[in-house]
Amino acid sequence: MHISEGVLKPEIIIPAAVVAGIWVAYLVYKLNFKDIPKIACMSAIFFVASFIHIPLGPTSIHLILGGLVGAFLGVNAILAICVGLLLQALFFGYGGISVLGVNLLMIAAPTIFARYFVKLSFKERKYQKIYQYICWFLVGFIPLLCSSLILSGVLVLNGKEFLAISGLALAANFPLMIIEGIISLFAISFIYRVNKELLN
């Protein structure tokens, strides 16, 4: 999911860095200090999840859990994932500093949708339990789907030679979307049973 340094053109990297920088600066400015422990905790979850690799044929995919981060933090998921991506770039060479803005927008921005699905799950419906399970599955599935589409779009914008790779990246991430959907379903359903106030 991370785009490495030296792959993208400056015409993509610079605008993404500007937009991401302004967004992060605004969120830091509006940050409530009481939210910092929660943001740090979710940043750690994102950071650690990225090291869990799942073999898939000749390659492997790794968890992101951005949907869960977004479900609990809302828009502050941007800050949590920014810290995680920065540490991964500095210590392990995942992504890089120059493409931090692109990777942040690609991975973190779609996580905001997760909070929407959590809110939807609290609405009364005819088949309430099934409806909730679908919403909680989408918490993990939709953000990763959006991230994969953004990744493919960025690669296509980078040049025609990346067209095949963009399609391959989207296809390779589809099993991960299912896995993250299932993880979010089980995680949120457990929290809902134990202490649903954490989801409010």
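Predicted model: local features only at pLDDT ≥ 70, side-chain atom pairs only at ≥ 80, totals over all residues.
How many nonpolar, polar and charged residues does the lining of the second largest pocket have?

**View 1. Thr-111 in the loop between helix H5 (100–108) and helix H6 (112–121).** Because its relative accessibility is 1%, Thr-111 counts as buried (under 20% relative accessible area, with a 1.4 Å probe and protein chains only). Apart from neighbours within four places in sequence, Thr-111 is in contact with Gly-66, Gly-67, Gly-70, Ala-77, Ile-81 and Pro-143, where contact means heavy atoms within 4.5 Å. Helices are DSSP runs of H or I with at least four residues, numbered from the N terminus.

**View 2. The largest nonpolar core, with 58 residues.** Such a core is a set of buried Ala, Val, Leu, Ile, Met, Phe, Trp, Tyr and Cys residues joined through side-chain atoms within 4.5 Å. Leu-8, Val-69, Ile-81 and Leu-104 have the most contacts inside this core. Among the elements that give two or more residues to the core is helix H7 (128–158), and H7 gives the most, with 10 residues.

**View 3. The lining of the second largest pocket.** Lining residues, which have an atom within 4 Å of a pocket point, include Lys-38, Cys-41, Phe-72, Arg-115 and Asn-200. A pocket is an open set of points on a 1 Å grid over the protein atoms alone, where a 1.4 Å probe fits, with protein on both sides within 12 Å along at least five of seven lines. By class, the lining has 7 nonpolar, 2 polar and 2 charged residues; Ala, Val, Leu, Ile, Met, Phe, Trp, Tyr, Cys and Pro count as nonpolar, Asp, Glu, Lys and Arg as charged, and the others, Gly among them, as polar.

Residues are numbered from 1 along each chain as its sequence is written, and side-chain values use heavy atoms, with hydrogens and water left out. Local features need pLDDT of at least 70 and side-chain atom pairs count only at pLDDT 80 or more, whereas totals for chains, interfaces and linings use all residues.

Notes
Buried < 20%, exposed > 50% of the residue type's maximum accessible area, 1.4 Å probe, protein only.
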